Amino acid sequence: MGQINDIALVAQVVVLKNTRAFDTLVRKYQSTIRRFFLNQTLGDTELSDDLAQETFIKAYTNLASFKNLSSFSTWLYRIAYNVFYDYIRGRKETSGLETWEIDAAYQTEQRQTGEHMDIYRGLCQLKEAERTCITLFFMEDLPIDKIAVITGMPAGTVKSHLSRGKEKLATFLKQNGYDGK
Amino acid sequence: MMENDDQLIKNFLLAGKQEIEDNGFSRRVIRLLPQRAQWLSDLLSMACTVACCILFYIFNGVEVLFRTINETITSQAYYQASNISSQSLYLAAAVLILVGLQRACSLKW
């Protein structure tokens with residue numbers, strides 16, 4: 001039902017240039033996409049919002065190319081993933097270490113509440129690809145084949161990232177006395 | 001053991017999962033959509049066109065344009081008429097027709 005609704009809204013945007021329909025899509029997915037970026041940037045709210053904004057604008061300009069081969073949310077995640085990796089590539093050319101990595105490593109808070117700090121400390125233990133796979137799989141409950149579509153990686157590579165990420169994160173959690181309760 | 005780890009990680013991540021309030025985010029996105037920028041650009045182009053038309057009218061552009069074209073043709077005809085052969089005229093016409101056709105074919109209908 002949700003998927004059909006999404007397609008109807010996409011059609012309205014593409015055919016009628018109905019920005020109100022696009023507004024409905026943004027409101028529906030803003031939390032998911034901003035959370036995706038928050039997890040990738042280890043809680044940098046400002047950067048996450050900028051990247052999420054860029055994602056929705058790119059989605060709007062390329063909406064005609066949405067062929068309904070995957071769900072709208074998967075398509076949107078794919079754009080978000082590309083936006084994030086374009087950003088990383090751009091940053092890595094100019095500087096070595098990201099500010100969010102430094103902040104997470106030294107636990108200096110960046111405008112977010114303390115209760116969410118631990119999750120970013122945990123995610124900081126993972127490489128970027130591992131972090132993407134782990135958060136999409138465990139937090140967003142996406143199956144491996146969808147993660148493969150979003151990241152453009154073969155399913156086997158996604159499984160490898162998941163396995164390595166799980167091992168690192170579980171070790172970190174146990175070392176820090178987290179019992180899952 | 002592996003399933004325990006899975007559950008441990010799932011619990012940890014789900015505990016940190018947050019629903020983010022919109023707080024004006026959607027409004028900012030809609031405001032930044034390129035269609036609006038295009039609309040503003042069109043408005044600016046329209047304003048410039050209107051300004052140009054007004055200036056053209058104020059400074060009697062039609063008369064100035066007509067006089068300039070007239071003078072150019074007259075002077076060219078006076079100085080070069082003897083040098084123009086019918087062959088070069090045909091050649092120029094052919095080139096103009098060819099360029100015109102090419103332009104017409106490249107238009108998106």
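What share of the contacts in chain A with a separation of 6 or more comes from residues 24 or more positions apart? In this predicted model, such residues account for 60% of those contacts. Chain A comprises nine helices and zero strands, and chain B comprises five helices and zero strands.

**Overall make-up of the chains**

- From the N terminus on, the elements of chain A follow the order α-α-α-α-α-α-α-α-α.
- Chain A has 181 residues, and buried residues make up 38% of them.
- Chain B reads α-α-α-α-α along its sequence.
- Of the 109 residues of chain B, 6% count as buried.

**The interface between chain B and chain A**

- On the side of chain B, 25 residues are in contact with 28 residues of chain A.
- Three elements of chain B each give two or more residues to the side that touches chain A, namely α1 (2-16), α2 (25-32) and α3 (34-58).
- Helix α1(B) provides the largest share of this side, with eleven residues.
- By class, the residues on this side of chain B are twelve nonpolar, six polar and seven charged.

**The largest nonpolar core**

- The largest nonpolar core has 50 residues, and those touching the most other members are Ile33(A), Phe37(A), Leu76(A), Ala80(A), Cys133(A), Ile134(A) and Phe137(A).
- This core lies between domain 1 (2-109) and domain 2 (125-181) of chain A, because both domains give residues to it.
- In soluble globular proteins, nonpolar side chains tend to be buried together.
- Apart from its neighbours within four places in sequence, Cys133(A) is in contact with Ile147(A), Val158(A), His161(A), Leu162(A) and Gly165(A).

**Packing of α7(A) against α9(A)**

- Two packed helices are described by the angle between their axes and the distance between the axes.
- Helix α7 (residues 128-139) and helix α9 (residues 155-175) of chain A have axes that come within 8 Å and cross at roughly 90 degrees.
- At this angle, α7(A) is roughly perpendicular to α9(A).
- Helix α7(A) makes the contact through Ala129(A), Glu130(A), Cys133(A), Ile134(A) and Phe137(A), while α9(A) contributes Val158(A), His161(A), Leu162(A), Arg164(A), Gly165(A), Lys166(A) and Leu169(A).
- Seven nonpolar, two polar and three charged residues form the contact of α7(A) with α9(A).

- In helix α8 (residues 144-151) of chain A, the residues Lys146(A), Ile147(A), Val149(A), Ile150(A) and Thr151(A) are buried.
- The axes of α8(A) and α9(A) are 9 Å apart, and the two helices pack at an angle of about 105 degrees.
- That angle makes α8(A) roughly perpendicular to α9(A).
- In this packing, Ile144(A), Asp145(A), Ile147(A), Ala148(A) and Thr151(A) of α8(A) meet Ala155(A), Val158(A) and Lys159(A) of α9(A).
- The contact of α8(A) with α9(A) divides into five nonpolar, one polar and two charged residues.

**Loop residues with positive phi**

- Most residues other than glycine have a negative phi, and most peptide bonds are trans.
- Lys17(A), although not a glycine, has a positive phi of about 55 degrees.
- Lys17(A) is placed in the loop between α1 (2-16) and α2 (19-40) of chain A.
- Lys17(A) counts as exposed because it has 11 C-beta neighbours inside 10 Å, and the cut-off for an exposed residue is 12 or fewer.
- Leu42(A), also a residue other than glycine, has a positive phi near 55 degrees.
- The loop between α2 and α3 (45-61) of chain A holds Leu42(A).
- Leu42(A) counts as buried because it has 27 C-beta neighbours inside 10 Å, and a buried residue needs 20 or more.

**Trp75(A)**

- Trp75(A) belongs to helix α4 (residues 72-94) of chain A.
- With 22 other C-beta atoms within 10 Å, Trp75(A) is buried.
- Beyond its neighbours within four places in sequence, Trp75(A) is in contact with Phe66(A) and Ser70(A).
- Trp75(A) and Ala59(A) are separated by 16 residues in sequence and by 8.7 Å in space, C-alpha to C-alpha.

Notes:
Residues are numbered from 1 along each chain as its sequence is written. Chains are lettered from A and ligands numbered from 1 in the order in which they are written. This is a predicted model: local features need pLDDT of at least 70, side-chain atom pairs count only at pLDDT 80 or more; totals for chains, interfaces and linings use all residues. Two residues are in contact if their C-beta atoms, placed from the backbone, lie within 7 Å. Helices (H or I, at least four residues) and strands (E, at least two) are DSSP runs, numbered from the N terminus. Ala, Val, Leu, Ile, Met, Phe, Trp, Tyr, Cys and Pro count as nonpolar, Asp, Glu, Lys and Arg as charged, and the others, Gly among them, as polar. Axes are lines fitted to C-alpha atoms, for helices over the stretch in contact, and angles run from 0 to 180 degrees between N-to-C directions. Angles under 35 degrees count as roughly parallel, over 145 as roughly antiparallel, 65 to 115 as roughly perpendicular and the rest as oblique. A nonpolar core is a set of buried Ala, Val, Leu, Ile, Met, Phe, Trp, Tyr and Cys residues joined through C-beta atoms within 7 Å. Domain bounds come from an automatic or database domain assignment.
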